[in-house]
Amino acid sequence: MSARDDILGRVRSALAAVEPDPAPVTAPPGTRVADLVAHFAERVADYRATVVHCAAGDVAGTVAAALPAGARVVVPPGLPDDLRSALADVIVDDGLSADALDAMDAVVTCCRVAIAETGTIVLDHAPDQGRRAVTLVPDRHVCVVRADQVVADVADALAVLDPGRPLTWISGPSATSDIELDRVEGVHGPRVLHVIVVGEAG
Amino acid sequence: MTHTFVGMPPFPTAARAALADTQLRHNLAHATATIRGKRARVVDEVENWEELRLAGAAVKDRALRGLDEHLVQLEESLTARGATVHWARDADEANQVVIEVAQRHGVDEVVKVKSMVTQEIGLNEALQAEGIAAWETDLAELIVQLGGDLPSHILVPAIHRNRAEIRDIFRRRMGEVGRAAPADLTDEPAVLAAAARAHLREKFLRARMAVSGANFAVADTGTLVVVESEGNGRMCLTLPEVLVSVVGIEKVVPSWAELDPLLRLLPRSSTGERMNPYTSTWSGVTPGDGPQEVHVVLLDNGRTRALADDVGRQALRCIRCSACLNVCPVYERVGGHAYGSVYPGPIGAILNPLLKGTGDPQTDSLPYASTLCGACFEACPVLIDIPEVLVHLRSKVVDGHREDRVPKPEAVAMKSAAWTFSRGGRLRLAERLTGVGVGVGRRLGASRWTSARDLPKAPPESFRAWWRRTDGRLDP
């Protein structure tokens, strides 16, 4: 008998007296707040990420200001033109090797959705965010979040996201508490997370 | 260099050694108190935490009650998304799958995401035996691996090590297996983390194959989920060409939307954060992004045995948050090694006997490694009634000795108590002899019992004698 049939057989005999439960479970919603965008910004800042607000017209300048002088910057191929044009000297990812990415100082991307309750940004790696390695290897991640992309809680985010795409949920910079449970920001992922929230709050 | 838990002594023996280690007790007390405080703060701010726990337990119960159907669906959706699904009855079969993939690609090293299940099956040792190095990339796992040590906590496997010990391990060992620690390494956590970053980055950049576990496997979408903090998980799941994920069959979540309560319960219960820094999800192969060859090994290794136990089944709801370890008065004092398994603490005390079955002296000692205080049940985000399962397993251990030729002292004591209590005359006689019996007991056989407990003094008069004398009046 194959391992598959054997295991499924054991499962079925273990559950012989158990009725399956057909109805999906719905969890209670998270706390509702009036100002999602402000709540999101506060929660992101709690992770010791940098958060700045700007009006839609100022986004290019705000992004440029988030990058240290002389930084080598990589951007995904689908970064919107208004952002792309703000950055003088960038490298567009066209399948750069891991070593080439390791030589970059920063990456600028958009995101798919942001969660207020947990201060989380979710990338679905569409062309305005790039493939996963691009937002992982460089040490500084500048992420542009539009105010209308902020949702209240995890359930709302799951409803928006396409599980068929690879997803990266980011809540603050990379961190560890492995040494005496003392939190240290910055291990393997970007050590600096710079979030730019664009547009009106509320 | 690598060690396993094979051949560990039963809990009481191992615990005695651990209790004598004052450094260990100090490290543990500090670490568990810190994490308890963090968890309490972020759990308190959730208004409907209890409802959320109920929802989390309900999702996992639904997954388990229809496990055969969900597994078949998971296999279908993974296959449709370009992943190759393997089934493994036990550790050897699972290890063999990983070895074969590595050999087919001619790799002599793999990078690993922290994973309980690959420790459970002894994957690193199996790979090593084939000449394939397995590099642990989680900081705590790295500390354990470099130190030639054993993990002692589910979330923070090096919880028993303090910063000075970690600096010594890094200085001594890093250079032997890759980039050496800098000469001016201090014991500041940030400096130690930076040394780990530099040491592991060269391994991430050159690795061609990675091995992971998964926190959740979503049946209807074929999505695997890995929850982490450092970014080592993202590195392993993104940069190599080949990815093998070993997934216990109980990790199934029926549908995508039902991840909601679990993604909210896990980080708050585990690291005491509203959300962990990174969660990666992927469904099979994504052309042009990440590993282009993806394997998933669905592992039984005792899970169907646990599933068949009506009381113990609930242990398979466990999402490996380790909240039960951090609140356990026994764990806090003895640490993880005394449990003799990669699953220590209260959850380990039930999971090991459920997965392996009772009958082995080490496993049989685990359900007794508890005071039944219930703190673990209160902390568990998926409402596993650990004390209930402990008592149930104790009865199984006792049942396993019913036919022994030489009965255990407890069995003799219980049998004689039953004989005595079943007749009033026998009880009367026993009451008269209690004073004598306690005196004799003090001198003789009860010393193992009384070495840690007081044997009470016998009262001058039994209750029934007092009743006869006074007719129940306090002022006769």
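Guide: Welcome! Two strands pair if DSSP finds at least two bridges between them, and strands (E, at least two residues) and helices (H or I, at least four residues) are DSSP runs numbered from the N terminus. This is a predicted model, in which local features need pLDDT of at least 70 and side-chain atom pairs count only at pLDDT 80 or more, while totals for chains, interfaces and linings use all residues. Residues are numbered from 1 along each chain as its sequence is written, with chains lettered from A and ligands numbered from 1 in the order in which they are written.

Visitor: How many strands are in chain A?
Guide: Chain A also has helices, 6 of them. Its strands number 12.

Visitor: What percentage of the residues in chain A is buried?
Guide: A residue is buried if 20 or more other C-beta atoms lie within 10 Å of its own, exposed if 12 or fewer, and partly exposed in between, with C-beta atoms placed from the backbone. Among the 202 residues of chain A, the buried share is 51%.

Visitor: Which strands lie at the edges of the open sheet in chain A?
Guide: The 6 strands of this sheet come in the order β1-β12-β7-β4-β2-β3, with parallel pairing. An edge strand pairs on one side only, and that picks out β1 (50-54) and β3 (90-92) of chain A.

Visitor: Which strands end the open sheet of chain B?
Guide: Here the 6 strands follow the order β1-β10-β7-β4-β2-β3, again with parallel pairing. Pairing on one side only marks the edge strands of chain B, β1 (84-88) and β3 (133-136).

Visitor: Which residue in β10(B) does B:Val85 stand opposite?
Guide: In chain B, β1 is joined to the parallel strand β10 (residues 293-299) by 5 bridges. The β10(B) residue opposite B:Val85 is B:Val296.

Visitor: Which helices do the buried residues of α2(B) pack against?
Guide: Those buried residues include B:Leu24, B:Leu28 and B:Ile35. Contact requires C-beta atoms, placed from the backbone, within 7 Å. The packing partners in chain B are α1 (11-19), α12 (259-270), α14 (323-327) and α15 (329-334).

Conventions: Contact = placed C-beta atoms within 7 Å.
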